[in-house]
Amino acid sequence: MKIAVASGKGGTGKTMVAANLAFTLAQTCQVTLVDCDVEEPNLHLFFPAPATAKDVTVPVPVIDEKICDRCGKCGEFCQYGALTVLRDRVLFFPELCHSCGGCMLVCPKNAIHEEPKRVGIVTNATPMQRLNLVSGYLDAGNPFAVPVIRAAKTATAGDCLVILDASPGTSCPVVETLDGCDACILVTESTPFGLHDLQLAVDVADRLGIPAGVVINRSDGKDQETLDFCTNHDLDMMMTIPFDRGIAAIQSRGDLLCRVRPEWLKAFSALYSKCCALVGED
Amino acid sequence: MIRLAVISGKGGTGKTMITAALAQLLPGTLVLADCDVDAANLALLSDPHLIRSEPFMGMKSAVIDPAICIGCGECESHCRFNAICQKGDVYRVSPLHCEGCAVCVHICPVQAVSMQTRQTGEVMYSQTERGHLVHAQLVPGAGNSGLLVHAVKKMALEQDRDCDLFLIDGPPGTGCPLISTISGVDAVLIVTEPSVSGLHDLKRVVTVCRQFRPRILVAINRFDLDESLAESIRQWCAEESIPVVGEIPFDPVVIDSVRQGMPVTRAGDSPAAQAIQILKNNLEQELMSYDNKR
């Protein structure tokens, strides 16, 4: 069972839901929590523990200037403008390269080979019994989050029960995180921003064919529009977390709601049951 | 023209609310751009009247003609984005995964693959009370949001290059949309919040900003929700010589005004509105001194 936690809008409480869900499940079974918000990973703040790190690399072209005759084929082929062939040399812009390998394929002289370039790291920790935390970190200034997300997911490929914390937004990093998941929890807040972005997130889950349910966070009771939206789109309302300065304080200092207030364990167990129901498992 | 981007690292710290309030309060002519193209919300607070919209064409993506495909699988084995899969006797491209590299076009022995342009978003040019707003909508799940950010900025700069201020509501994160947003800006205002996540993400986004050399300013939103973490943020900013130009208290009026579709500074006097007024004064001074140095 792989469950992604996503939202569209940032700061709605994805990390809080993912962390507490994993904490709850780890009371009774083995669970892997994956931080796929590799641009701003935060889960390690809630589960401090010594971690081992592995580099994430992508292949980038290296041109052997001795063999290259500046024919220009690689520069013409590259769809990203990452290679510019001058009269006396070839300029390579690594920040534009998508590592497709095309330049190597089209080079008639076999003057191009690939070498790994580091784009981030994936860490692995066991912050509590039965909980494995895998976090992806994109290196600062690197634009492409997807390879780091992919590496974090690959590191958990064999695990049975996986909770994935997605980045905000609706573009490629979110698609990469959701891809292959069995269910998706969409965390929202009852504001026009929250609702607008929830609609977009529902659309992404739909396009990927992943069943989704909704959690309303920081509810001040004015949830009617969100509830109507869920009814109209046949989305399961899975959980409501009220606005409460006490809960906000637990979260802001890096603690866990379920650890400080164990009465919440039951609510997060119920959330997991609803995810199973979405997928059609008991 | 001064170019100022409001960003945050962590999502949901209050970028859009503060951008809309600053647009109302800052003097002079301005053009607004919403560069959070994944989930654009500035229009919800700006009461825009659409003047025109343009389709956004992202990268081309590959399409396999099933009538020509012989099912050899060469394209699938060479695709590094897992964008091609077998469907019956032939292969198909998933547009959600295709990054438009065209390796499959090159490798196909029977020329069954072509690159086709697809609309992956829309750029809108609107009138608001405080000037023009350029905003966009990425097709959910589409890639190239950094390119769309570039298209938004380009339209704003082409249409309104004589404005005093180019004010950008930026995306969260530190990846390609953020990098595309802050490239070429004079200053960034990073909106953070007093939480361990807020501080952690502030540090990361500052590291990225420093590679682009804009002036860096910080505002702490909902600073009173955790005084000791707010103090940690102040201390860290002092160590890094980053001015904290505003501190906004938690105020339920903010959410009420968002629900009414306006920035909090329009919803009468409130603690948050007063704090944003001070933020605006400090910001103006910082930007003026920057402009003079230039």
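Reader: What makes E6(A) and E7(A) a hairpin, and which residue in the turn has a positive phi?

Author: This is a predicted model, in which local features need pLDDT of at least 70 and side-chain atom pairs count only at pLDDT 80 or more, while totals for chains, interfaces and linings use all residues. Residues are numbered from 1 along each chain as its sequence is written, and chains are lettered from A and ligands numbered from 1 in the order in which they are written. Strands (E, at least two residues) and helices (H or I, at least four) are DSSP runs, numbered from the N terminus, and two strands pair if DSSP finds at least two bridges between them. Met128(A) is opposite Leu131(A) in E7(A). With 2 residues between them, E6(A) and E7(A) form a hairpin, and Arg130(A) in the turn has a positive phi of about 70°.

Reader: Why is E7(A) called largely enclosed?

Author: A residue is buried if 20 or more other C-beta atoms, placed from the backbone, lie within 10 Å of its own, exposed if 12 or fewer do, and partly exposed in between. In E7(A), 8 of the 8 residues are buried, so the strand is largely enclosed by the rest of the structure. One side carries Leu131(A), Leu133(A), Ser135(A) and Tyr137(A), the other Asn132(A), Val134(A), Gly136(A) and Leu138(A), and all are buried. E7(A) also runs parallel to E2(A), with 5 bridges; there Val34(A) stands opposite Val134(A).

Reader: What makes E3 and E11 of chain A edge strands?

Author: The open sheet has 9 strands in the order E3-E6-E7-E2-E8-E1-E9-E10-E11 (chain A), with mixed pairing. Strand E3 (51–63) and strand E11 (236–242) of chain A each have a single partner strand, so one side of each lacks a neighbour in the sheet. From one strand to the next the twist averages 20°, where axes are lines fitted to C-alpha atoms, for helices over the stretch in contact, and angles run from 0 to 180 degrees between N-to-C directions.

Reader: How do you know that helix H1 of chain A packs on the sheet?

Author: Contact requires C-beta atoms, placed from the backbone, to lie within 7 Å. Helix H1 (residues 14–25) of chain A touches several strands of the sheet, among them E1, E8 and strand E9 (183–188) of chain A, and its direction makes about 165° with that of E8(A).

Reader: What is called a nonpolar core, and which residues have the most contacts inside the largest one?

Author: A nonpolar core is a set of buried Ala, Val, Leu, Ile, Met, Phe, Trp, Tyr and Cys residues joined through C-beta atoms within 7 Å. The largest has 163 residues, and those with the most contacts inside it are Ala22(A), Leu178(A), Cys184(A) and Val152(B). H1(A) gives the most to this core, with 8 residues. Beyond four places in sequence, the contacts of Leu178(A) include Ala4(A), Cys184(A) and Ile210(A). A second, separate core has 19 residues, including Cys79(B) and Tyr91(B). In soluble globular proteins, nonpolar side chains tend to be buried together.

Reader: Why does Tyr290(B) count as partly exposed?

Author: Tyr290(B) has 16 C-beta neighbours inside 10 Å, so it counts as partly exposed. Tyr290(B) lies in helix H10 (residues 271–293) of chain B. Not counting residues up to four places away in sequence, Tyr290(B) touches Asp186(B), Ala187(B) and Arg215(B).

Reader: How many domains does the assignment give chain B, and what are their bounds?

Author: Domain bounds come from an automatic or database domain assignment. For chain B they are domain 1 (2–57 + 120–293) and domain 2 (61–117). Taken over C-alpha atoms, the centres of these domains of chain B are 40 Å apart.

Reader: What makes E11 and E12 of chain B a parallel pair?

Author: Strand E11 (residues 187–192) and strand E12 (residues 215–221) of chain B pair in the parallel sense over 6 bridges. Within this pair, Leu189(B) has Leu217(B) in E12(B) as its bridge partner.

Key. Two residues are in contact if their C-beta atoms, placed from the backbone, lie within 7 Å.
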